[in-house]
Amino acid sequence: VTLLAADINTLALSVSAGIVAVTLGITAWAAKRTRTATDFWAAGRRISGPQNGFAITGDYLSASAFLGAAGLMFLFGFDGFLVALFALLTFVPLLLVAERMRNAGKFTMADVLAVRMDGVPARAAAALGTLAVAAVYLMAQLIAAGVVVQVLTGISFTLAALATAATMLVYVIFGGMLATTWVQIVKASMLLAVGVVLAVLVLDRFGFDPIRLFDEAAQASGSGERFLGPGLYFAEPIQMLSLGLAFVLGTAGLPHVLMRFLTVPDARAARQSIGWAVALVGGFFVLLSFIGFGARAVLGSEAIEAVGGGGNLTIPVLAQELGGGAGSVGGDILLAVVCGTAFATILAVVAGLVISTSGAVAHDLWTNVVRRGQASEGEEVVVGRIAAASVSLLAAILTVVAGPGFNITFLVSLAFAVAASANFPALLLALTWRRFTTVGAVSGVVVGVATSVVLIVLSPAVWPGPDSEGSPVSLTNPAIVSVPAGFLACWLGSLLSRPAAAESYDELWVRAETGLGAEEAMAPSAPRAEVGSGVA
Amino acid sequence: VKQAAWHLHAARVMLIVEAAARPRRSRGEDLNMTALTTSGQSGPSASRTGARVEDIVALPAFGELVRGRRVLRLTVTAIFVVWAGSFVLVTAFAPEVTRTTLGSISIAYLWGLSQIVLVWALTWFYLRHSDRVLAPLAALVLTEARFQATSRHQG
């Protein structure tokens, strides 16, 4: 199985180019409707519940869930499916904070903390958490982009990662949240369609009999029935628990997912959007289990080389095989569509990440910390665009330095660990614990970020180099240590300090639970050309 | 004062009747809530009905809403922790139990699929309960808050 045959490139390239053209069209449409800060970061709060459900699905089904989890299933069987399950279980904690996030927030997670706390330090801390999560997550996605585009076109990993960073930047700078959301909706629909097609084609190989599929997967794995149960990827229980904790608690601390709830008109649409996302993502993961196990049964162990480091290319290789094999028309078309979809997936997710970091930098750090609330809305949006550009550049450089050798799901799990340790405790306690103080929130975020990042750097995957021996920490994912550390720091910091006079839990409580005083949806702004004014 | 109390009662009845009349499709509830918040003058607090936070906290309906939400959240969390937690712990510490296969489909996989069903069911339950019970209650809190603010303004 080869993926670099010269005749693939034109077709795959034109599919990807078509997808990029469609998304740029969406961006141009959205750019005319993006004038105020609320347009830029929250799409005017006019996204409907079902639309937002598709967009959340898009954020969930990143390259990690699509390429990475299928790769882990191909290589390690059930443990790969377990990783996908963890990603689904995260919806329950998310469901419990979604409505309160909508009611209390404006553009970022920090807004929720700022309702009840001293805004300047609380926002600075929340921005730190957001930036730390986004840095790791962006790297993961750009590495995936580099790998996929390299396969697709044969151009180098470096160039591919840089080109992806440039495209996502165009979406964000010009189209803001509206473009990002619609790119996400288009991509989610494509991904779901591809999932259905691949699952049907795989099942067709086994006469639509899942028992036969699993049977042959087990035989092809060389591990027999062990392949169908846990234990091949996670050597020790502690590694699995740590990864599970990172995923399950992390999503409710992911800035780009939390921000999604601020794009809908009200709390009802916020919870409704989770209903849609849960239905779609759950269905997709059922299909993905057929695809992942089926890949082993169809491709056999000899494809382990072809699926690349970390198994990231399992789905493209499988698609080519299902379509009729390398060189066949069907194989080429299916490979092109899958690669194009994977590319669209990555573009959409990185755009969401960039917009959430630009919110943290412009809305939290610049407007409310540096300028103490004195910046105009126009200035905030300009700073937001500059921030988006800087973040993209930085992430692209980090990606090129890190190189293509990491499994995407593994890297994403690290981003979840930072989110679960730094952002989730502060957000949850701000919403539920009356005695929580500004000092507690700041120390929680700082300790959460510091613990998780230090443990990641010292872990086997990073120190002293990928997959090498002799690292000081054996945990591959830090969550099992860093999440309790984050909560503990929140708790200790709160006990050792007194709430300031201006701090009011009741205010946040009433607002979060009733929606009283929540940010409202804006009337649609007319396209800019008709109004003839710039940023309002 | 009597007349005011009657208005409040009427508002409660209206909301309850309304909620009962359209138990499923209640698109407007939360939108109404947002509309309410704009209609008042901004009072001493940030809330835009002109109602004071401490007055709202003291409302019986607010207590009922908060208790209702707490019960719902704790119920969902408890079911989730038990079913997902037992799955994760058994998979981690007793993998041989879940490796048993039934006609080439392992217990681990079936139990895993049941987690997807669990998340579906919990979400469905949460949405239904929120739409039918909690959203009308939240609307009632806002009506009472607005009423309270108006009567306070009138002296």
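A salt bridge here is a side-chain nitrogen of Lys or Arg within 4 Å of a carboxyl oxygen of Asp or Glu. By that rule, four salt bridges are counted between chain B and chain A. The model is a predicted one, and every value below is computed from it.

The contact between the chains comes next. It takes 57 residues from chain B and 57 residues from chain A. Between them the two chains bury about 5000 Å², with 69% of this on carbon and sulfur atoms. On the side of chain B, Arg99(B), Ser104(B) and Tyr109(B) lose the most area to chain A, and together they account for 13% of what that side buries.

Polar contacts also cross the interface: ten residue pairs of this kind are found between chain B and chain A. Several elements of chain B give two or more residues to the side that touches chain A, namely helix 2 (29-39), helix 3 (53-58), helix 4 (60-93), helix 5 (95-98), strand 2 (105-106) and helix 6 (107-153). Helix 6 of chain B gives the most, with 17 residues. Sorted by class, this side of chain B has 31 nonpolar, 17 polar and nine charged residues.

One of the charged residues to look at is Asp131(B). Side chains of opposite charge can pair when their charged atoms come close. Asp131(B) forms a salt bridge with Arg268(A), where the closest N and O atoms are 3.1 Å apart. Asp131(B) also forms a salt bridge with Arg271(A), with the closest N and O atoms 2.7 Å apart. This second pair crosses between chains, running from Arg271(A) in helix 13 (residues 267-299) of chain A to Asp131(B) in helix 6 of chain B. Arg271(A) has a relative accessible area of 3% and is therefore buried, the cut-off being under 20%. Asp131(B), at 14% relative accessibility, also counts as buried. Salt bridges that share partners join Glu99(A), Arg268(A), Arg271(A) and Asp131(B) into one network.

Over all chains the count comes to 14 salt bridges. One of them lies within chain A, where the side chains of Arg123(A) and Asp111(A) meet at 2.8 Å, N to O. Arg123(A) counts as buried at 10% relative accessibility, and Asp111(A) is buried with a relative accessible area of 5%.

Another salt bridge in chain A joins the side chains of Asp506(A) and Arg434(A), at 3.0 Å from N to O. Here the pair links distant parts of the chain: Asp506(A) is in helix 20 (residues 505-514) of chain A, while Arg434(A) is in the loop between helix 17 (408-432) and helix 18 (438-457) of chain A, 72 residues apart. Asp506(A) is partly exposed, with a relative accessible area of 21%. Arg434(A) counts as partly exposed as well, at 47% relative accessibility.

Aromatic rings give a further set of pairs. The structure holds 22 aromatic pairs over all chains. In one of them, the rings of Phe40(A) and Trp41(A) have their centres 5.0 Å apart and their planes at 80°, so the pair is edge-to-face. Phe40(A) is buried at a relative accessible area of 0%, and Trp41(A) is buried at 0% relative accessibility. Trp41(A) also pairs with Phe107(A): the ring centres are 5.5 Å apart and the planes are at 40°, so this pair is tilted.

Finally, two backbone positions in chain A can be noted. Arg45(A) is not a glycine, yet has a positive phi of about 55°. Arg45(A) lies in the loop between helix 2 and helix 3 (49-60) of chain A and counts as buried at 0% relative accessibility. Phe208(A), also not a glycine, has a positive phi of about 55°. Phe208(A) is in the loop between helix 9 (157-205) and helix 10 (210-221) of chain A, and at 48% relative accessibility Phe208(A) counts as partly exposed.

Definitions and conventions:
Residues are numbered from 1 along each chain as its sequence is written. Chains are lettered from A and ligands numbered from 1 in the order in which they are written. This is a predicted model: local features need pLDDT of at least 70, side-chain atom pairs count only at pLDDT 80 or more; totals for chains, interfaces and linings use all residues. Side-chain values use heavy atoms; hydrogens and water are left out. Contact means heavy atoms within 4.5 Å. Buried area is the accessible area (1.4 Å probe) that two parts lose on being put together, summed over both. A polar contact is a pair of N or O atoms within 3.5 Å; within protein, one must be able to donate a hydrogen and the other to accept it, and residues adjacent in sequence count only if both atoms are side-chain atoms. Helices (H or I, at least four residues) and strands (E, at least two) are DSSP runs, numbered from the N terminus. Ala, Val, Leu, Ile, Met, Phe, Trp, Tyr, Cys and Pro count as nonpolar, Asp, Glu, Lys and Arg as charged, and the others, Gly among them, as polar. Rings of Phe, Tyr and Trp (its six-membered ring) pair if their centres lie within 6.5 Å; planes under 30 degrees apart count as stacked, over 60 as edge-to-face and the rest as tilted. Buried means under 20% relative accessible area, exposed over 50%, partly exposed in between (1.4 Å probe, protein chains only).
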